[in-house]
Amino acid sequence: MEVLLLVALLVVLLPLSGFLYQAAGSARDRRKFPPPGRLIDIAGGRLHLVETGRGSPTVVFESGIAASCLNWTAIEAQVSRFTRVCAYDRAWLGWSDPAGTPRVASRLVDELHSLLAAAQVPLPYVLVGHSFGGLLVQAYAVAHPDRVAGLVLIDPLPAADWRRVSGQRLRILHWGIRLSRRGALLARLGVVRISLALLSGGGRRIPKLIARLTSGRAESTLSRLVGEVQKMPSEVWPMVRAHWCQPKSFLGMAEYFESLPESAEQASVLGDLPEIPISILSAGNSTPAQLFERDAMARRSAHGKHVLVQDSRHWIHLDQPRVVIEAIREMVELVRPR
């Protein structure tokens with residue numbers, strides 16, 4: 001009987017302790033890491049926008065599927081030396097509010113359009129998109145051709161690969177959704193916070209054990225994501241960690257994954273891009289089919305360029321930031337009003 005009472009007590013106290021630990025850590029994070037930019041009200045909530053630099057055109061950064069504006073910190077600092085720069089957090093991510101609508105491409109384009117209008121960001125725009133962000137900036141250019149002067153696509157997500165998923169891709173997508181929702185639960189209980197605190201302090205055994213017990217293959221995913229974050233400027237690491245201690249970030253990732261097939265379907269029927277310059281950077285491990293598609297896209301533009309960045313993987317702007325900065329500089333100089 002005493003053993004059963006002790007077990008029952010632990011079942012109650014451990015989650016409660018984790019919940020209180022999470023609540024105290026979240027309050028501390030809010031005080032320590034206020035939004036570095038403006039929170040702009042649009043229909044459905046507030047989006048976080050960071051602006052820096054001066055000049056025309058305005059470079060607008062669009063992040064990968066679960067990344068925040070912090071992803072562009074190093075690139076933004078360099079590009080802002082020669083033109084105006086904006087980076088933002090989509091709904092659910094970074095400092096932006098959650099959203100109550102599906103995260104499909106058409107909705108995201110509308111939200112970006114509303115954000116830029118409400119913030120009175122000067123025209124024209126050079127849109128820079130990484131991965132899923134590459135899909136979105138193409139959709140924006142088709143929807144608002146009079147506002148876009150050029151595109152820089154960084155290893156853009158191939159819409160055809162995700163519009164009708166089956167087999168291995170479908171299993172990967174479902175696994176990502178399950179992992180995200182499980183991560184949200186673990187974040188509420190403080191498990192993610194303590195794991196990331198241990199990782200940042202050099203401890204790896206307990207975080208790996210937690211990842212293995214809760215999600216199996218997530219151990220390698222966790223290690224890979226930590227490696228990508230460590231390529232960012234060290235001053236943003238605590239902010240990235242604070243964001244991923246929040247259930248909101250994991251729930252947002254699940255929302256974007258769930259809407260990915262519909263977003264890809266919408267992107268695949270967009271129609272032709274407007275007659276604007278396009279620069280495409282492909283990772284060194286891109287498939288022949290991806291390279292063929294991007295070559296064709298570059299050829300369709302009067303000022304199209306496709307570069308294979310050999311010494312990089314998918315996160316080219318973290319692996320080879322100078323290549324990305326020069327591609328943006330070339331585009332800015334090409335379309336800058338004389």
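Burial, sheet and cores: questions on a predicted model

Reader: What share of the 338 residues in the protein is buried?
Author: Buried residues make up 49% of the 338. The model is a predicted one.

Reader: Why does Ser 180 count as buried?
Author: The cut-off is under 20% relative accessible area. Ser 180 has 1% relative accessibility, therefore Ser 180 counts as buried. Its place is in helix 5, residues 167–188.

Reader: What does Ser 180 touch, not counting residues up to four places away in sequence?
Author: Ser 180 touches Phe 250, Met 253, Ala 254 and Phe 257.

Reader: How do you know whether His 243 is buried or exposed?
Author: Buried means under 20% relative accessible area, and exposed means over 50%. His 243 has 11%, so His 243 is buried. The residue sits in helix 9, residues 237–244. With neighbours within four places in sequence left aside, His 243 is in contact with Ser 68, Leu 70, Gly 94, Trp 95 and Ser 249.

Reader: How many helices and strands make up the secondary structure?
Author: The protein has 13 helices and eight strands. An open sheet of eight strands has the order 1-2-4-3-5-6-7-8, and its pairing is mixed.

Reader: What makes strand 1 and strand 8 the edge strands?
Author: Strand 1 (38–42) and strand 8 (304–309) each pair on one side only. Neighbouring strands of this sheet are turned by 20 degrees against each other on average, with direction ignored.

Reader: How do you know that strand 7 and strand 8 pair?
Author: Pairing requires at least two bridges between two strands. Strand 7 (residues 278–283) and strand 8 have six bridges, so they count as paired, and the sense is parallel. Ser 279 stands opposite Lys 305 in strand 8, and Ile 278 stands opposite Gly 304 in strand 8.

Reader: How does the chain get from strand 7 to strand 8, and what is the handedness of the crossover?
Author: The chain goes through helix 11, and this β-α-β crossover is right-handed. Helix 11 (residues 288–299) packs on the sheet, where it touches strand 6 (148–154), strand 7 and strand 8. The direction of helix 11 makes about 150 degrees with that of strand 8.

Reader: Which strands does helix 3 lie across?
Author: Helix 3 (residues 105–118) lies across strand 1, strand 2 (45–52), strand 3 (58–62), strand 4 (84–89) and strand 5 (125–130). Helix 3 runs at about 115 degrees to strand 1.

Reader: Which residues have the most contacts inside the largest nonpolar core?
Author: They are Leu 49, Leu 127, Phe 132, Tyr 140, Leu 151 and Tyr 256, in a core of 58 residues. Helix 10 (residues 247–268) gives the most to this core, with eight residues.

Reader: What is Leu 151 in contact with, leaving aside its neighbours within four places in sequence?
Author: Its contacts include Leu 127, Val 137, Ala 141, Ile 276, Ile 278 and Met 331. Met 331 is also included in a second, separate core of 35 residues, along with Phe 33, Leu 70 and Ala 283.

Reader: What is the mean pLDDT of the protein?
Author: The mean is 87, and 86% of the residues reach 70 or more. Over residues 5–12 the pLDDT is below 50, and beyond near neighbours in sequence this stretch has one contact in the model. Where pLDDT is low, the predicted coordinates should not be read in detail.

Terms used: Residues are numbered from 1 along each chain as its sequence is written. This is a predicted model: local features need pLDDT of at least 70, side-chain atom pairs count only at pLDDT 80 or more; totals for chains, interfaces and linings use all residues. Side-chain values use heavy atoms; hydrogens and water are left out. Helices (H or I, at least four residues) and strands (E, at least two) are DSSP runs, numbered from the N terminus. Axes are lines fitted to C-alpha atoms, for helices over the stretch in contact, and angles run from 0 to 180 degrees between N-to-C directions. Contact means heavy atoms within 4.5 Å. A nonpolar core is a set of buried Ala, Val, Leu, Ile, Met, Phe, Trp, Tyr and Cys residues joined through side-chain atoms within 4.5 Å. Buried means under 20% relative accessible area, exposed over 50%, partly exposed in between (1.4 Å probe, protein chains only). pLDDT is the predictor's confidence in each residue, from 0 to 100. A crossover is right-handed if, with the strands pointing away from the viewer, the path from the first strand over the helix to the second runs clockwise.
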